[in-house]
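I opened the file to look up two things. The entries cover the nonpolar cores and the salt bridges.

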Amino acid sequence: MSSLRVEFNVIETIERPYGYQEKIIQYRDNPSKYKAIIKDGDLVAILGKRYKLIPNEQVIDIAREISEAMDLEFLYYLFGWRVYCVLKDNDIGVLVINSVDGTESLKCEALFYSDEIGIIPPKSITNVYRKHSESLEVSELYDIIPEVLNNSREYKGWFESLSNYKVKDYVDSLKEMVTILPKKYRNGCLEYTYFNPEYSIKDMYELIARRIWSNNIDMRTKINLYKSLNQIVAALGLAVML
């Protein structure tokens, strides 16, 4: 295995909260368009100078503050340099996502629960994605989170409506569609219809979602699997964009 070492000159160091630093760098004495993000002395990433650092810790603090003000259940998960905060009100919620290494925008996703299974529904215009540009203000979360929480309520109704559509009526199309999911998530998801004619698209969705949600994998991977699952429903013409 080979290694590569590159040295940069630091022309300015900017101290940020929560132990972060931004180091403006140049290469071979030439100005560059980049800066290094440092956390407690460790390199996080080298990103464009216009990238606005939003510390995960700040997102956690604000999300927790909002959850307390709205009397919501709060929890969060850290995966590397990414954070996923869940604000939950019984069977609906909001998933707040952020990163400090450029791998995620600041996002708020609609979220709801069915029998303790977390479900991330198809995208809507009220789900929010904010690039880490200079104009980004993390304080936007105070307005965004309540809005997306209401959206989650509407999507819960969409999910319940999937019980009106039976898998047997779509099984020929679904045989090909479900192959976009790995086998461990789709195995047997269509066979139930041969034993139970009332087996619905909601039942199928819930079966696959349970496998995704319960699997011990990175949250980012789970979100991508939900995207694939929602593509299947959308291809059937059943994904209502609210």
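**Entry 1: ground rules.** I am working from a predicted model, where local features need pLDDT of at least 70 and side-chain atom pairs count only at pLDDT 80 or more, while totals for chains, interfaces and linings use all residues. Residues are numbered from 1 along each chain as its sequence is written, and side-chain values use heavy atoms, with hydrogens and water left out.

**Entry 2: cores.** I looked up nonpolar cores, meaning sets of buried Ala, Val, Leu, Ile, Met, Phe, Trp, Tyr and Cys residues joined through side-chain atoms within 4.5 Å. Buried stands for under 20% relative accessible area, exposed for over 50%, and partly exposed for what lies in between (1.4 Å probe, protein chains only). The largest core has 64 residues, and Val96, Leu141, Tyr205 and Tyr226 touch the most other members. A second, separate core has eight residues, among them Tyr20, Val44, Leu47 and Val100.

I then picked Tyr205 and listed its contacts (heavy atoms within 4.5 Å). Leaving aside neighbours within four places in sequence, Tyr205 is in contact with residues including Trp158, Phe159, Leu162, Tyr226 and Leu229.

**Entry 3: salt bridges.** I counted a salt bridge where a side-chain nitrogen of Lys or Arg is within 4 Å of a carboxyl oxygen of Asp or Glu. The count comes to 15. Helices (H or I, at least four residues) and strands (E, at least two) are DSSP runs, numbered from the N terminus.

Which parts does the bridge between Lys52 and Glu137 tie together? The N to O distance of this pair is 3.4 Å. Lys52 is in the loop between strand E4 (42-48) and helix H1 (56-69), and Glu137 is in the loop between strand E10 (128-130) and helix H2 (141-161), so the bridge ties together parts 85 residues apart in sequence. Lys52 is partly exposed at 23% relative accessible area, and Glu137 is partly exposed at 41%.

**Entry 4: two more pairs.** Asp91 and Lys156 have their closest N and O atoms 3.9 Å apart. Asp91 sits in the loop between strand E6 (82-89) and strand E7 (92-99) and Lys156 in helix H2, so this pair ties together parts 65 residues apart in sequence. Asp91 is partly exposed at 35%, whereas Lys156 is buried at 14%.

For Lys166 and Glu198 I noted 3.5 Å between the closest N and O atoms. Lys166 counts as buried at 18% relative accessibility.

**Entry 5: network.** Shared partners join Asp91, Lys156, Glu160 and Lys202 into one network of salt bridges.
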